[in-house]
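Dear colleague,

I am handing over the structure below, together with notes on what was found in it. Please read the notes with the coordinates open.

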Amino acid sequence: MAKRFVIGDIHGCIRSFRNLVEDKIQPTQKDLIYLLGDYIDRGPNSKKVVDYIFDLQARSYMVIPLMGNHEYMLNRAQHSPEYFNLWMINSGFTTLRDFGVIIDSYHSPKSILQIPVKYLDFFRDLKCYEQTEGYFLCHGCYEGNRENPGDENDSMIWGRKNISELPAGSSRVLIHGHTPNPLSEIKKHLDDPQTRVINLDGGCVYKDNKALGNLLALELDKRELFNVKNSE
């Protein structure tokens, strides 16, 4: 029987990402792997994280990546000096570095065009949400209660409210990332059969914070949580 895995925020932590996939969840090519966004920025190698996603897909693993707010900022930053500055404040320069962008051009949106087109296409084409049996997946939180989830793109990318409103008539559980949470809090929500919201951002990139530094994957059907500590 095919399994469904959901993985939280990676933020350039390539070794941790590989360890989680290859040593912990060990998916088959029949399984589904959902990624909740924020593959880039902050951590040691954003490019290698995206390359690993490409590699898994090229080897016929069913990887479904969603958009995080950091990919969204990169997309907007190409056309907006204001968003470029916002992205730089939020560690966008680490992604430019990882893609070999010339340091002297970090002040300009044009610097992003030094990133190869296949990566820019990847970031642009990311979906904001996915629905699967029993679950609604996005990076942030769903803050509306509308029939069309596409009306709530901003909240699905940026939302941080711990709420459970989903599209009208939905009985699904919301799984999201975006806001780093201690492992103990995440486990507490998982152990509650009544929970409607599960946060899978273990703050992997924040390895110096004793409460964080975890990269998490959840197997949906058994509600089994897999964890690796930051290994960068």
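The notes below go through the pocket, a helix, the sheets and a few backbone details.

This is a predicted model, in which local features need pLDDT of at least 70 and side-chain atom pairs count only at pLDDT 80 or more, while totals for chains, interfaces and linings use all residues. Residues are numbered from 1 along each chain as its sequence is written, and side-chain values use heavy atoms, with hydrogens and water left out.

The largest pocket has a volume of about 160 Å³. Here a pocket is an open set of points on a 1 Å grid over the protein atoms alone, where a 1.4 Å probe fits, with protein on both sides within 12 Å along at least five of seven lines, and lining residues have an atom within 4 Å of a point; grid points are joined across faces, edges and corners, and the volume is the space filled by probe spheres set on the points. Its lining holds 18 residues, and those nearest the centre are His-11, Arg-42, His-70, Arg-160 and His-178. By class, the lining divides into seven nonpolar, six polar and five charged residues (Ala, Val, Leu, Ile, Met, Phe, Trp, Tyr, Cys and Pro count as nonpolar, Asp, Glu, Lys and Arg as charged, and the others, Gly among them, as polar).

The largest share of that lining, three residues, comes from helix H3 (residues 69–77); helices (H or I, at least four residues) and strands (E, at least two) are DSSP runs, numbered from the N terminus. Eight of the nine residues of H3 are buried, so H3 is largely enclosed by the rest of the structure, where buried means under 20% relative accessible area, exposed over 50% and partly exposed in between, with a 1.4 Å probe and protein chains only. His-70 is one of these buried residues, and the cover over them includes helices H4 (81–89), H5 (92–98), H6 (117–125) and H7 (153–158).

Five strands make an open sheet in the order E3-E2-E1-E8-E9, with mixed pairing, two strands being paired if DSSP finds at least two bridges between them. E3 and strand E9 (224–229) are the edge strands, each pairing on one side only. Within this sheet, strand E1 (residues 4–7) and strand E8 (residues 214–219) pair in the antiparallel sense over three bridges, and Ile-7 has Ala-217 in E8 as its bridge partner.

In strand E3 (residues 62–65) lies Met-62, which counts as partly exposed because its relative accessibility is 36%. Beyond its neighbours within four places in sequence, Met-62 is in contact (heavy atoms within 4.5 Å) with Gln-29, Lys-30, Asp-31, Leu-32 and Ile-33.

Elsewhere, strand E5 (residues 135–138) is covered on both faces, with Tyr-135 and Leu-137 buried on one side and Phe-136 and Cys-138 buried on the other. E5 pairs with strand E4 (residues 129–132) in the antiparallel sense over four bridges, and it runs parallel to strand E6 (residues 173–176), to which three bridges join it.

Finally, two backbone details may deserve a look. Most residues other than glycine have a negative phi.

With best regards
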